[in-house]
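Open your viewer and get ready to select residues by number. We will go from stop to stop, looking at side chains.

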Amino acid sequence: MPLKRVLHWQPNAGTTVNTQILNEVTQCVESINGVKEGRWKATLTYYKPILREQPNKYYLIIRGQRIVLEADSSIQTIMEKLQSYKSRVALYFEGFQYQLGDFQLRVGKVTPTHSDNLRGIIMEVEYLPLSSIDKSRQVMEEFVDIWKEAISKRSLPGHFMHMEPNFMEYGLSDHYSSQHTAVQYATVMAQLIATQSVQAARN
C-alpha cells in the first residue's frame, strides 16, 4: 500500500477554521498543478476506541493499549450490544482528490455527521511509488515542506500540522498498511476533539 500522511489545519490562536480557508487551500492545490480526480469521503466514530471506515473494512484502535485491529462492519453492532463503549462523536470527512505526479492529495472538510458545522480541515498526502516509511520519509518531508511554503504565501490564519504516531507502539512495521492510516486518522480525530474542547471552554 502506498505511504500516506494525514495532516490537519491548526488555526492560529484566537481564530477558527472556516470555509474561506478551505477554499483557499483547495485553490492552492490547483495552483501547484494538482489535477482534480474526484470526490472522497470517510466517517470516523469516536467510541474512546476509534473506528475508521474503509469500503468494507473497519479499524478499531484502542489508543490506551496501543492496539489496532481490522474488523468487518459487524464491529459496530458488537460495540453497541456490549454497551462497554458509547459513541461519543462521529466525524465526516469529505473533499476532493488531486493527482500531483507521484503524489495523491485529498483535501477536505471535517464536520459532525448530520451537520454542516465545520470542525476542521484535513489533508491526506499519499506517495504512490513506495510503501516503506523509512525509505519514503525524506521525499514525503520535502513534499510537505513545499506544500507548506505554497500555502504560507496565502497568509492564512493557521497552518497544517502532522503528528506522526509511533507506529511501533501499535505493533506496526515499516511496511505501510491501512492500519497505519487508521492510527493517523485516530490521532487527528483526538486532536480535533481536544481543540474543540479547549475552544468551548474559552467561550
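Select Phe-160. This is a predicted model, and here Phe-160 is buried, with a relative accessible area of 2%. Buried means under 20%, so a value of 2% puts Phe-160 in that class.

Is Trp-147 buried or exposed? Like Phe-160, Trp-147 is buried.

The structure holds five aromatic pairs. One of them joins Trp-9 and Phe-160 edge-to-face, at 5.1 Å centre to centre and 80 degrees between the planes. This pair links distant parts of the chain: Trp-9 sits in strand β1 (residues 3–11), Phe-160 in strand β9 (residues 158–162), and 151 residues separate them. Trp-9 counts as buried, at 2% relative accessibility. With Trp-9, Trp-147 and Phe-160 all shown, you see a cluster linked by ring pairs.

Next stop: a ring and two charges. Select Phe-96, Lys-36 and Arg-39. The charged end of Lys-36 sits over the Phe-96 ring, 4.0 Å from its centre. The charged end of Arg-39 sits over the ring of Phe-96 too, 4.6 Å from its centre.

Now for salt bridges. Side chains of opposite charge can pair when their charged atoms come close. How many salt bridges does a search of the whole structure find? It finds eleven.

Start with Arg-5 and Glu-164. Their side chains meet in a salt bridge at 3.9 Å, N to O. Arg-5 is in strand β1 and Glu-164 in the loop between β9 and α4, so the bridge ties together parts 159 residues apart in sequence. Arg-5 is buried at 8%, whereas Glu-164 is partly exposed at 33%.

Move to Arg-154 and Glu-24. This salt bridge spans 3.0 Å, N to O. Arg-154 lies in the loop between α3 and β9, and Glu-24 in helix α1 (residues 19–31), so parts 130 residues apart are tied together. Arg-154 is partly exposed at 27%, while Glu-24 is buried at 18%.

Then pick Arg-106 and Glu-126. Their side chains form a salt bridge of 2.9 Å, N to O. Both residues are buried.

Last, select Arg-5, Asp-134, Arg-137, Glu-141 and Glu-164. Salt bridges with shared partners join these residues into one network.

Technical notes: Residues are numbered from 1 along each chain as its sequence is written. This is a predicted model: local features need pLDDT of at least 70, side-chain atom pairs count only at pLDDT 80 or more; totals for chains, interfaces and linings use all residues. Side-chain values use heavy atoms; hydrogens and water are left out. Rings of Phe, Tyr and Trp (its six-membered ring) pair if their centres lie within 6.5 Å; planes under 30 degrees apart count as stacked, over 60 as edge-to-face and the rest as tilted. Helices (H or I, at least four residues) and strands (E, at least two) are DSSP runs, numbered from the N terminus. Buried means under 20% relative accessible area, exposed over 50%, partly exposed in between (1.4 Å probe, protein chains only). A charge sits over a ring if NZ of Lys or CZ of Arg is within 6 Å of the ring centre and within 35 degrees of the ring normal. A salt bridge is a side-chain nitrogen of Lys or Arg within 4 Å of a carboxyl oxygen of Asp or Glu.
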